Amino acid sequence: MTLLFVVFVFLTTVFLGVPLVWAILITAVLPVIVFDLGFPLQALYLNFIGGVEPNHFIAIPLFIIAGELMSRGGVGLRIINFARAAFGFMPGGLGMVVVGASMIFGGISGSAIADSAAIGSVMIKNMAKQGYDKGFSAGLVAAAGTIGIIIPPSIPMLIYGFVGNVSVADLFLAGMVPGIIFGVFFMGVCFYVGKSTGCDPGGQTVSRRELLASFISTAPALFMPILILGGIFTGWVTPTEAAALAVVYGLIVTIFVYRDFHIKDLPNLLVDAFITSAVVMVVIGATTVLGWLITLEQMPQILVAFVQEFSNSPWMFLLLVNIVLLVLGLVLDPVPAILLTAPLFLPTAQTFGVDPVHLGVIMTCNVAVGLFTPPVGATLYVASRISGVGVLSIARKMALLYFAAILALGLVTYVPAVSMTMVYLFN
């Protein structure tokens, strides 16, 4: 009864438009009052505070600051120019530039929204001038931007690793190939659209000298993910230390190398990063409270029994995981979706022999798809604001992109080697 009540209250508050943090807190508090569960409301407060106290969560605001540093100024434009030199000669090349630039930028910022905003502000207009449908251009920016949370560094993967006690280094390794697969599938859609509509037949090649010059210009920014991931994979730094290193490196590159960021702009950047970080940490605290209540009422055991009753194989379990997360992605952002479901799915996954690293990648890919799916898709709204095209109008032009995303998700889900090969190679 408590489980049904929790689900009912949460869905009701979300669909009534209650802000997410309050929806989660109301869902946690009401069962305590209605069912008199036998513990004081102060316990909820203590769990909220305890949820944001662990030192490893310092990595989140640090990565947000690093992403803000690299997303401002000319870094995004340099990445776009390099991607244009690398992909622009192919049919659908301008669309491929969006995808390629998003993959590169995602390895720097770790934020889907920053990725979509930085790339979309330049590329949507350029694609429209080339003859692309404006709705499709905006949809491509929204979809490609989500690769930023699959390719490391990834804040949802950090959250999953901290909550599930799973190696962040292994998660980052496991996310590399799936992120590339999503990018290749989206590029395939661009190739088809560019060739079939005739808007972008390709053929505009650049010389090797121009390609090299573009690479050299972008190289300082491209070194950031190498610095972060190399430090983590080799064990020289922890994820938190790597995040601090990224901030220092980002300051050096943007202030002294590119010179498109000034010390006087730092206070505004820190305020913006603080606001974003505060929202994330409040959501973490609220979901910790709800997660504690769920665990206390033995809901994970109930879920395990339910799943085992309706599925007798890892394949069926993973199908249910995908369905649940794709549905939650319609109404939840990645961080709360991961926080709410990871403690439920992890014990069940262990009973079916699913590797927790593989599960983390599957969950991240699912919440990434949710980011460009209406009605709450964050990157969809960013692309809509930049392009001036309505969200639903954009979504209607994205059928091929949704199809490509589901194909990529199926490959990541049911071919574990896609995610785990890199982990096995480096361990």
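This is a predicted model: local features need pLDDT of at least 70, side-chain atom pairs count only at pLDDT 80 or more; totals for chains, interfaces and linings use all residues.
A contact here means heavy atoms within 4.5 Å.

Now widen the view to the core. The largest nonpolar core holds 153 residues. Phe182 and Phe186 have the most contacts inside this core. Which helix gives the most to the core? Helix α10 does, with 13 residues. Helix α10 covers residues 168-197.

Next, take the whole chain. The chain has 21 helices and zero strands. Its radius of gyration is 22 Å, and the globule rule gives 22 Å for 427 residues, so the chain is as compact as a globular protein of that length. The C-alpha trace spans about 70 × 45 × 45 Å along its principal axes. Of the 427 residues, 55% count as buried.

How do contacts run along the sequence? Take the contacts between residues at least 6 apart in sequence. Of these, 78% join residues at least 24 apart.

The accessible surface of the chain comes to about 18100 Å². Carbon and sulfur atoms account for 70% of that surface. The chain carries 14 positive and 16 negative charges. The mean positions of the positive and negative charges lie 22 Å apart.

Notes: Residues are numbered from 1 along each chain as its sequence is written. Side-chain values use heavy atoms; hydrogens and water are left out. Helices (H or I, at least four residues) and strands (E, at least two) are DSSP runs, numbered from the N terminus. The radius of gyration is taken over C-alpha atoms; the globule rule is 2.2 Å times the number of residues to the power 0.38. Buried means under 20% relative accessible area, exposed over 50%, partly exposed in between (1.4 Å probe, protein chains only). Accessible areas come from the Shrake-Rupley method with a 1.4 Å probe; for residues, only the protein chains shown count as cover. Lys and Arg count as positive and Asp and Glu as negative; His and the chain ends are not counted. The place of a charge is taken as NZ of Lys, CZ of Arg, CG of Asp or CD of Glu. A nonpolar core is a set of buried Ala, Val, Leu, Ile, Met, Phe, Trp, Tyr and Cys residues joined through side-chain atoms within 4.5 Å.
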